[in-house]
Amino acid sequence: MSGDALKGAQAALAEQRYFDGVQLVNAALETHEEKLNSSGGYASAAGAGERQEILRAPEAFLNRVMPALAEAVKQELAELYRLRAELLVGLGAQKRALVDLGAALLLLPGNEALMKLQNEVIVKQGQGAAAGEKSSKTSATIITGFLGSGKTTLLNHILEKNHGKRIAVIENEFGEVGIDDKLLNTKSSVTEENIIEMNNGCICCTVRGDLIAGLKKLHKQTTGKGKPLDGIIIETTGLADPAPVAQTFFADDFVQANMVLDGILTVVDAKHIVPQLQEEKPEGVVNEAVEQIAFADRILLNKTDLVTPQELDNVEAEIRSINKTAQLRRTQNSEVDMDFLLGIQAFSLDKVLIQVSQGFLEEEGHSHGGHGGHGGHGGHGDGHSEGCDGCDDPAHGGGGHGHGHGHAHDEGCGGCDDPSHGKKKKHVHDYRVTSVGIERDSEVAKDKLDSFIGWLVQTKGPDLYRSKGVLAVKGMSQKFVFHAVHMQFSGKPTDNWNTGEKRCCKMVFIGKNLDRAELNKKFDECLVK
């Protein structure tokens with residue numbers, strides 16, 4: 001590592017820019033690994049291990065290369081591991097920090113300064129566990145789950161409960177037409193100004209910069225005015241990988257200083273989750289349903305009334321094959337006690353780094369719909385904090401939202417021959433999944449609407465992950481709200497249309513191989529002429 005880079009990492013530690021510092025140290029360690037692999041001695045004598053082994057399995061790496069290391073290299077590696085350990089402590093990952101300190105001591109056995117730091121981290125780890133690590137920062141909860149699992153229903157339950165907490169909501173939709181803001185119950189302690197909706201892209205890639213801006217805005221208009229929040233709830237789109245959203249709480253200095261991730265809550269649709277988990281995806285495409293369960297601190301196994309007890313046991317076994325440690329509750333209509341959701345202090349950076357994704361703190365890029373830059377160094381981060389302003393590529397947005405992620409998991413590039421890929425494997429969303437939004441400033445006839453919904457469920461059900469809408473039905477004074485997940489449909493009148501409010505219809509469909517022209521034509525047949 002060059003002197004300038006080392007100074008940069010040390011400066012990041014002093015300035016509490018822990019995430020930035022980790023990136024600098026990671027890059028330096030990987031450079032060492034590449035040099036050792038290319039020098040011949042390590043690769044031929046010891047046999048090269050997996051890529052990024054220097055970060056992910058430092059003890060195994062060092063045991064292989066130690067005989068070939070010069071004393072100066074040992075000193076430099078030990079300093080890098082020590083620095084990385086201190087940065088990880090700053091992020092709250094004491095357990096993982098001890099792994100790096102163990103590596104440093106393997107290089108410099110008996111070093112008093114390293115042993116002293118190791119003891120301090122052990123003490124800090126014990127004190128944090130005993131005290132529950134109470135924080136003055138605003139806590140945030142991520143609600144995730146595949147399309148139609150019951151996330152918005154859960155969010156409404158939280159907003160309706162008399163828990164006395166001041167809560168803000170950040171909501172993200174995948175569809176072209178914003179529907180969820182109409183489905184949220186804002187007749188609660190959550191004021192209109194504390195609800196931020198983002199429907200111009202997926203929260204874990206194209207609008208992560210918007211998420212950061214939204215968090216800063218909430219802080220300014222609440223804590224900044226002497227009215228601190230008790231919590232922030234982030235509801236992701238059903239197609240979001242929760243990892244980049246969680247990484248935001250470590251990657252952005254302002255967010256890391258003022259907010260803390262309380263937990264990731266995943267809502268699971270008991271009726272449909274197994275096919276979603278087992279669905280065969282195109283090569284290199286991430287299965288979001290698997291990621292959502294893997295990163296969960298709490299799991300709501302929802303819609304249990306739609307399956308048999310035996311099916312429910314099978315579903316739970318499938319979930320446990322992915323995540324063995326998250327607390328799980330079986331629910332109907334997403335109803336659960338608030339103490340299972342809020343103020344749980346369940347997110348553990350150590351757990352993520354050790355059990356889920358060792359590359360969680362490794363920054364990466366993103367890409368859209370089968371094109372774009374390569375992903376990062378394993379894990380699920382997203383280094384692209386802005387949208388795609390100025391980009392002329394039609395695959396980047398609008399239309400059918402044919403976008404994906406450059407999520408790089410912990411594997412290499414497999415059979416990829418592109419040397420520029422190195423150890424960075426790009427994962428994208430399923431290009432077959434798109435959204436179709438429909439907005440009409442007119443009413444629909446109830447009998448024709450029933451026929452349309454029947455046609456939709458029967459003929460498109462298997463490929464239709466999610467559909468929802470708020471409709472103006474002729475002769476009905478209330479808004480008609482409908483939801484469908486595959487072939488499961490529900491719809492009912494809700495609140496009255498307000499005086500002077502334009503009666504209109506908004507619908508969104510999310511699924512595979514959707515025919516935009518056909519859906520528009522069929523829906524227009526329902527309109528009152």
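Student: How many bridges join strand β1 to β4?

Tutor: The model is a predicted one. Strand β1 covers residues 138-144, and β1 and β4 run parallel. Within this pairing, Ala140 stands opposite Ile232 in β4. The number of bridges joining β1 to β4 is four.

Student: Which residues of β4 point one way, and which point the other way?

Tutor: In a regular strand, side chains alternate between the two faces of the sheet. Strand β4 spans residues 231-235 and is mostly covered, with five of its five residues buried. Gly231, Ile233 and Glu235 point one way, and the other way point Ile232 and Ile234.

Student: Are helices α6 and α7 roughly parallel or roughly antiparallel?

Tutor: Two packed helices are described by the angle between their axes and the distance between the axes. The axes of α6 (residues 71-91) and α7 (residues 94-107) come within 8 Å and cross at roughly 165°. Angles over 145 degrees count as roughly antiparallel. Therefore α6 is, relative to α7, roughly antiparallel.

Student: By class, what residues does the contact of α6 with α7 have?

Tutor: Residues of α6, including Leu77, Tyr81 and Leu88, meet residues of α7, among them Ala97, Leu101 and Leu107. By class, the contact has 11 nonpolar, one polar and five charged residues.

Student: Does His219 count as buried or exposed?

Tutor: His219 lies in helix α11, residues 208-221. Not counting residues up to four places away in sequence, His219 touches Gly224, Phe254, Asn258 and Met259. Its relative accessibility is 16%, and the cut-off is under 20%, so His219 counts as buried.

Terms used:
Residues are numbered from 1 along each chain as its sequence is written. This is a predicted model: local features need pLDDT of at least 70, side-chain atom pairs count only at pLDDT 80 or more; totals for chains, interfaces and linings use all residues. Side-chain values use heavy atoms; hydrogens and water are left out. Axes are lines fitted to C-alpha atoms, for helices over the stretch in contact, and angles run from 0 to 180 degrees between N-to-C directions. Helices (H or I, at least four residues) and strands (E, at least two) are DSSP runs, numbered from the N terminus. Angles under 35 degrees count as roughly parallel, over 145 as roughly antiparallel, 65 to 115 as roughly perpendicular and the rest as oblique. Contact means heavy atoms within 4.5 Å. Ala, Val, Leu, Ile, Met, Phe, Trp, Tyr, Cys and Pro count as nonpolar, Asp, Glu, Lys and Arg as charged, and the others, Gly among them, as polar. Buried means under 20% relative accessible area, exposed over 50%, partly exposed in between (1.4 Å probe, protein chains only). Two strands pair if DSSP finds at least two bridges between them.
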